[in-house]
Amino acid sequence: MGPGGLARLHGLFAAYKPPGLKWKHLRDTVELQLLKGLNAGKPPAPEQRVRFLLGPVEGGEEKELTLTATSVPTLTDHPLVCGPTFTSLKVGVGHRLDAQASGVLVLGVGRGRRLLTDMYNAHLTKDYTVRGLLGKATDDFCEDGRLVEKTTYDHVTREKLDRILALIQGSHQKALVMYSSLDLQTQEAYEMAVRGLIRPTDKSPMLITGIRCLHFAPPEFLLEVQCMHETQKQLRRLVHEIGLELKTTALCSQVRRTRDGFFTLDDALLRTQWDLHSIQDAIQAAAPRVAAELEKSLRPEPGTQQLPGLGRPWDSKGPSSGLGLESCAGH
């Protein structure tokens with residue numbers, strides 16, 4: 001595989017990270033597979049050079065030697081002499097997932113790593129499915145953590161859970177407007193809010209733009225969370241604090257990212273697809289969509305106005321809790 005194969009690798013693609021696998025190991029595995037594929041191609045024919053070699057005189061009866069011009073291959077560029085053609089490849093990782101989480105992980109190859117910065121600056125939302133378990137609390141909010149408390153949960157109903165989720169979404173949407181510094185008195189800003197295009201102007205605490213319950217069968221429940229600027233630990237803490245609001249305890253048994261910006265589970269390559277040709281095809285297929293979505297996300301809406309010097313609802317550390325209920329009580 002020559003430079004042409006390398007040229008098709010510049011861009012973004014998504015891989016599916018299984019639970020228990022560190023993102024660094026995934027990145028290193030992808031890099032190794034790409035280098036193996038690039039170096040697996042048939043090497044080009046060696047360059048021919050003229051050499052004068054000693055040999056017997058043709059047709060001569062006596063054993064006389066003479067110099068004869070002969071074309072011989074030059075082996076100085078052969079892989080067995082100089083080693084593989086490609087020895088390193090720069091692969092970057094976008095919004096990371098910790099070892100326990102799973103789901104969509106975006107990677108950038110070569111010049112595509114610059115696009116990861118554009119994705120970060122676009123403040124795109126991400127979707128998660130978060131599975132919770134009522135009645136238990138651990139020291140790290142995970143199922144395999146040290147058990148610190150057990151409580152009853154018979155009083156918890158779907159209606160009570162939905163009410164808590166609605167409060168969470170409302171408080172975080174207010175915070176999103178404040179961090180965006182937009183003047184909602186303008187028509188353009190109002191239309192952006194209706195279409196869900198409001199984004200913070202800078203780094204902010206975790207902001208939840210949508211949350212709902214997909215399944216409720218005590219003690220288990222499944223949430224769908226749409227958010228930005230989050231970590232997986234914050235999502236696990238969110239489940240813990242939802243349990244406290246429900247007058248019980250809860251831990252998080254699963255965090256799975258189903259969408260990262262414009263990459264979904266359908267775009268994510270499985271472990272068996274982490275090879276050169278599959279990644280090349282994925283990068284080429286995603287390139288037009290990546291360019292269009294980034295241009296739309298990074299281009300400011302015409303006519304929008306920002307409020308100068310607008311104060312933030314919380315200090316630089318963000319809400320005092322993952323729910324944001326107490327912090328937004330006065331707004």
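## Exposure and the model

Buried means under 20% relative accessible area, exposed means over 50%, and partly exposed lies in between, with a 1.4 Å probe and protein chains only. By that scale glycine 94 is partly exposed, because its relative accessibility is 22%.

This is a predicted model, in which local features need pLDDT of at least 70, side-chain atom pairs count only at pLDDT 80 or more, and totals for chains, interfaces and linings use all residues. Residues are numbered from 1 along each chain as its sequence is written, and side-chain values use heavy atoms, with hydrogens and water left out.

## The whole protein

The protein has eight helices and 13 strands. These elements are DSSP runs, numbered from the N terminus: helices are H or I with at least four residues, and strands are E with at least two. The protein has 331 residues, and 42% of them count as buried.

Its accessible surface is about 18200 Å². Carbon and sulfur atoms account for 52% of that surface. Such areas come from the Shrake-Rupley method with a 1.4 Å probe; for residues, only the protein chains shown count as cover.

Next come contacts, meaning heavy atoms within 4.5 Å. Take the contacts between residues at least 6 apart in sequence. Of these, 72% join residues at least 24 apart.

## Nonpolar cores

A nonpolar core is a set of buried Ala, Val, Leu, Ile, Met, Phe, Trp, Tyr and Cys residues joined through side-chain atoms within 4.5 Å. The largest one holds 50 residues. Leu9, Phe13 and Leu34 touch the most other members. Helix 2, residues 23-39, gives the most to this core, with six residues. Another core lies apart from it and has 15 residues, among them Ala14, Ala122, Ala286 and Leu294.

What does phenylalanine 13 contact, leaving aside its neighbours within four places in sequence? The partners are Val30, Leu105, Val106, Leu107, Val109, Phe263, Leu269, Ile279, Ala282 and Ile283.

## Rings and cysteines

The structure holds one aromatic pair. Phenylalanine 262 and phenylalanine 263 form this pair, with 5.3 Å between centres and 50 degrees between planes, and it is tilted. Rings of Phe, Tyr and Trp (its six-membered ring) pair if their centres lie within 6.5 Å; planes under 30 degrees apart count as stacked, over 60 as edge-to-face and the rest as tilted. Phenylalanine 262 is buried because its relative accessible area is 8%. Phenylalanine 263 is buried too, at 2%.

Phenylalanine 263 also has a charge over its face: arginine 289 lies 5.6 Å from the ring centre. A charge sits over a ring if NZ of Lys or CZ of Arg is within 6 Å of the ring centre and within 35 degrees of the ring normal.

How many disulfides does the structure hold? It holds zero. A disulfide is a pair of cysteine sulfur atoms within 2.5 Å. Cysteine 213 is buried at 7% relative accessibility, and cysteine 227 is buried at 0%.

## Loops

Glycine 94 sits in the loop between strand 4 (91-93) and strand 5 (102-109). Beyond its neighbours within four places in sequence, glycine 94 contacts Val106 and Leu116. Its C-alpha atom is 7.8 Å from that of tyrosine 120, which is 26 residues apart along the chain.

Proline 219 is in the loop between strand 9 (207-217) and strand 10 (220-228). A cis peptide bond joins it to proline 218, with omega about 10 degrees.

Two residues other than glycine have a positive phi. Histidine 123 has phi near 50 degrees. It lies in the loop between helix 4 (113-121) and strand 6 (126-134). Histidine 123 is buried, since its relative accessible area is 11%. Lysine 247 has phi near 60 degrees. It is found in the loop between helix 7 (232-245) and strand 11 (250-260). Is lysine 247 buried or exposed? Lysine 247 is exposed, because its relative accessibility is 68%.

## A residue in strand 11

Leucine 251 is in strand 11. At 2% relative accessibility, this leucine counts as buried. Leucine 251 and leucine 133 are 118 residues apart in sequence, yet 5.3 Å apart in space, C-alpha to C-alpha.

Leaving aside neighbours within four places in sequence, leucine 251 has contacts that include Arg131, Gly132, Leu133 and Val239.
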